[in-house]
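Colleague: I have a few things to ask about this one, if you have a moment. Could we go through it together?

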Amino acid sequence: MIILTMVGWLYFIGEEMITLLDYGAGNVRSVINAIESLGETVHVVTTAQDIVSAEKLVFPGVGAFGNMMRILNEKKYIEPLKVYLESNRPFLGICLGMQAMFGDSEEAPESSGLNVIQGSVKRFDIGLAVPHIGWNGVNFKQPSRIFNGLDTSAKFYFVHSYHVVCEDQSAILTTTDYGYEFVSSIQKDNIVATQFHPEKSSRAGAQILKNFIETAAVQTEPVRVSEGTRLAKRIIACLDVRSNDSGDLVVTKGDQYDVREKGIVRNLGKPVELARRYYQEGADEITFLNITGFRDFPLEDMPMLDVLRQTSRNVFVPLTIGGGIRDYTDKDGRTYSALEVATEYFRSGADKVSIGSDAVLIAEEYLRTGRKTGRSSIEEISRIYGNQALVISVDPRRVYVESPDAVKHHVIETAHAGPAGECYCWYQCTIKGGREGRELDAVTLARICEALGAGEILLNCIDRDGTNAGFDLELIHAVHQAVSIPVIASSGAGCAEHFYEVFTATEAESALAAGIFHRREVPIDEVKRYLNGKVEIRN
Ligand code: 1PR
């Protein structure tokens, strides 16, 4: 069937498939993978005509609002999108793809949105960590077929600093609570859009995508009116990856960052297989750290990109990758920017990237000059992909001092006295996987990185890494106090009680572990069973 629209666009409705609008920023691979895992074929938009001709259109907005609208304008996709939306064919907007439906956004006041739903986009203004990252629930406000088969306790993965303020009350499908109640999905006839990421929301998200695809499904009434939602504490599995001495890419694990045992790199399994296992056991996120990235340039280390591609085909929770994100000149003199490395990671299936060594050097430069250049990897990546996509991985080591003013760094009083009975310490930043200590403390680093655009801190601790002695609560508390972005507590988990301890004694939004999961000492589902009823988690 061929249809001529009022504004002259021709479209024909042919074989049913899902059309996906990829405007070239961020990770759309996971959306494609999630839809394909349901047995559907995905056609990626390459021309404006593809949008107008689509049967069912999915728009996974990624990155920052201003950049998204600029690219949509440059590609001349705005008019076709409006034509599509007016035609009332099935549409699913995700995250920024939902925000694009509105008139404008505080994130980029100079850019206009599509303005098909009345309202605007505002930054969270709350006393909680922003971005809002993690698994939260929804309060149903109207019937919808999109939530068929899901109960009111389902949680979905959010990662955003801005949310819509929907003036058209009839378009509000769900709300979510984070500091206050905000609109987490909208529905207007066949237009549905969610602030959360169905493609990263495990089985609950797959159900939403299935409901979107099966347009014949009946509307369901909300089972009951929910009484507020709560953000879950996240349990993250971390895979330190490197080539072993035979050149195979393996998951390894350090003991205070020393990954060799009797001179041989520990081999704890294959990255893709382990990631899949952790997903099935209930990990809320998976992090890969390419631990030799500081010396092996990741774009020459293609197996790591392949690990991401393969993992994102079967693992539908967020994937973070770190290691080697920095400017680099190869042996032929070709220069790559940190942004290019990050882009390659995103396009291979990463949802977030993490920067370690380069962040320390950037913060040192900032302290020296007192000004932002706008060109550091932190600023460039967060500008294009949004700060929610950028994690800073910190590798600090405890240094004891006798008094609070013994050094110019951020010193804390500690309950665990040093070897000479010192009651104070600071946390020295290191680079190159702990090999080189710098004159910078972890609290100052975190503060500067937040100011430059980082969205989350992955807080390791060399002293605790691999010890099973529990998280360094003093370090976590000190860094969390200094920033308003979420903090991932890392290093030292030895039992399920340690997770309870870190979530109750500190404000950490999530906790990461490696060794106990790799060695099957305490599986993820056991940690969750222990926390259930004591701490808000995703079941
Ligand atoms: O500096 O940007 O190239 O990034 C390199 C990345 O690799 C950094 O994020 C750095 O943390 C990481 N890394 C470098 N060397 C090592 C090493 O172990 N030799 N791993 C390393 C860091 C620490 C944690 C670990 C937790 C939990 N690994 O990620 O997973 O400590 O372990 P546990 O539960 O067993 O105690 P760049």
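Colleague: At what angle do α12 and α13 pack, and how far apart are their axes?

Modeller: Helix α12, residues 442-452, packs against helix α13, residues 473-482, at an angle of about 30 degrees, and their axes are 9 Å apart.

Colleague: Is the crossing of α12 and α13 left-handed or right-handed?

Modeller: The α12 and α13 crossing is right-handed.

Colleague: Changing topic, what is the average pLDDT of the protein?

Modeller: The average pLDDT is 93, and 94% of the residues score at least 70. Residues 1-15, however, have a pLDDT below 50, although this stretch makes 33 contacts in the model beyond near neighbours in sequence. Where pLDDT is low, predicted coordinates should not be read in detail.

Colleague: Fine. Now Asn-267, where is that found?

Modeller: Asn-267 sits in the loop that runs between β18 (264-265) and α7 (271-281). Leaving aside residues up to four places away in sequence, Asn-267 touches Asn-244, Val-250 and Val-251.

Colleague: How far is Asn-267 from Ser-484?

Modeller: Their C-alpha atoms are separated by 37 Å, and Asn-267 and Ser-484 are 217 residues apart along the chain.

Colleague: What about backbone geometry, and which residues have a positive phi?

Modeller: Most residues other than glycine have a negative phi, and most peptide bonds are trans. Against that background, Asn-115, in the loop between α5 (96-99) and β7, has a positive phi of about 60 degrees. Arg-520, in the loop between α15 (515-518) and α16 (524-531), also has a positive phi, near 60 degrees.

Colleague: Is Arg-520 buried or exposed?

Modeller: Arg-520 is exposed, because its relative accessible area is 55%, and exposed here means over 50%.

Colleague: One more: which residues does a cis peptide bond join?

Modeller: A cis bond joins Val-130 and Pro-131, with omega at about 10 degrees, and Pro-131 lies in the loop between β7 (119-123) and β8 (132-136).

Note on methods
Residues are numbered from 1 along each chain as its sequence is written. This is a predicted model: local features need pLDDT of at least 70, side-chain atom pairs count only at pLDDT 80 or more; totals for chains, interfaces and linings use all residues. Side-chain values use heavy atoms; hydrogens and water are left out. Axes are lines fitted to C-alpha atoms, for helices over the stretch in contact, and angles run from 0 to 180 degrees between N-to-C directions. Helices (H or I, at least four residues) and strands (E, at least two) are DSSP runs, numbered from the N terminus. A crossing is left-handed if the near helix is turned anticlockwise from the far one by less than a right angle, and right-handed if clockwise. Contact means heavy atoms within 4.5 Å. pLDDT is the predictor's confidence in each residue, from 0 to 100. Buried means under 20% relative accessible area, exposed over 50%, partly exposed in between (1.4 Å probe, protein chains only).
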